[in-house]
Amino acid sequence: STSLLLQPSTVSYNAVLHACRQSSAWRPVLALLADMAENDVRADAITVSTAVGACGRAQRWQEALWLFRTVGGNGLQPDLQSFGAA
């Protein structure tokens, strides 16, 4: 029997990040971002805006600003949605 190995993708991470944002769960968001990096899953603009939104919704402004600062280092540019999420 062959086993099926599922690889996490940016889309699957974004779905979980969105659920975290909806419940203002900012700590799991930071853990998921670290997990993405460990698994070489590339973040996109949706990832960033969702993560910033989760931190903003939980009133964790320092974490939201930290995400903005680190975004540039990853080659991503925050978009209007990211700024609105914060």
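Predicted model: local features only at pLDDT ≥ 70, side-chain atom pairs only at ≥ 80, totals over all residues.

Colleague: Fine. What makes helix 1 roughly antiparallel to helix 2?

Modeller: The angle. Helix 1 (residues 10-22) and helix 2 (residues 26-38) pack at about 170 degrees, with their axes 9 Å apart. Angles over 145 degrees count as roughly antiparallel, so helix 1 is roughly antiparallel to helix 2. The crossing of helix 1 past helix 2 is left-handed.

Colleague: Which residues in helix 1 and helix 2 meet?

Modeller: From helix 1 you have Tyr 13, Val 16, Leu 17 and Cys 20; from helix 2, Pro 28, Val 29, Leu 32, Leu 33, Asp 35 and Met 36. By class, that contact has nine nonpolar residues, no polar ones and one charged.

Colleague: And why is helix 1 called roughly parallel to helix 3?

Modeller: Look at the angle again: the axes of helix 1 and helix 3 (residues 45-57) cross at roughly 15 degrees and come within 9 Å. Anything under 35 degrees counts as roughly parallel, so that is the label for helix 1 and helix 3. Their crossing is left-handed.

Colleague: What is the make-up of the contact of helix 1 with helix 3, by class?

Modeller: Three nonpolar, seven polar and two charged residues. On the helix 1 side sit Thr 10, Asn 14, Leu 17, His 18, Arg 21 and Gln 22, and they meet Ile 46, Thr 47, Thr 50, Gly 53, Ala 54 and Arg 57 in helix 3. Leu 17 is listed in the contact with helix 2 and in the one with helix 3.

Colleague: On to the loops. What is the phi of Ser 24?

Modeller: Near 60 degrees, which is positive, and Ser 24 is a residue other than glycine. Ser 24 is in the loop between helix 1 and helix 2.

Colleague: Why does Ser 24 count as partly exposed?

Modeller: Partly exposed is what lies between the buried cut-off of 20% and the exposed cut-off of 50%. Ser 24 has 26% relative accessibility, so it counts as partly exposed.

Colleague: What makes Asp 40 exposed?

Modeller: Exposed means over 50%. Asp 40 has 71% relative accessibility, so the label is exposed. Asp 40 is in the loop between helix 2 and helix 3, and its phi is near 55 degrees, a positive value in a residue other than glycine.

Colleague: Now Glu 63. How do you know whether Glu 63 is buried or exposed?

Modeller: The buried cut-off is under 20%. Glu 63 has a relative accessible area of 15%, so it is buried. Glu 63 lies in helix 4 (residues 61-73).

Colleague: Which residues is Glu 63 in contact with, leaving aside its neighbours within four places in sequence?

Modeller: Trp 26, Leu 30 and Cys 55. There is also Val 52, eleven residues away from Glu 63 in sequence, with 7.9 Å between the two C-alpha atoms.

Colleague: And for the whole protein, what share of the residues is buried?

Modeller: Buried residues make up 35% of the 86. The protein exposes about 5,600 Å², with carbon and sulfur atoms supplying 56% of that. Among contacts with a separation of 6 or more, 61% join residues 24 or more positions apart.

How values were computed: Residues numbered from 1 in each chain as written. Heavy atoms only, no water. Axes fitted to C-alpha atoms, helices over the stretch in contact; angles between N-to-C directions. Helix = DSSP H or I, 4+ residues; strand = E, 2+ residues; numbered from the N terminus. Parallel < 35°, antiparallel > 145°, perpendicular 65-115°, else oblique. Left-handed = near helix turned anticlockwise from the far one by under 90°. Contact = heavy atoms within 4.5 Å. Nonpolar A, V, L, I, M, F, W, Y, C, P; charged D, E, K, R; others polar. Buried < 20%, exposed > 50% of the residue type's maximum accessible area, 1.4 Å probe, protein only. Areas by Shrake-Rupley, 256 points an atom, 1.4 Å probe, with all protein chains shown as cover.
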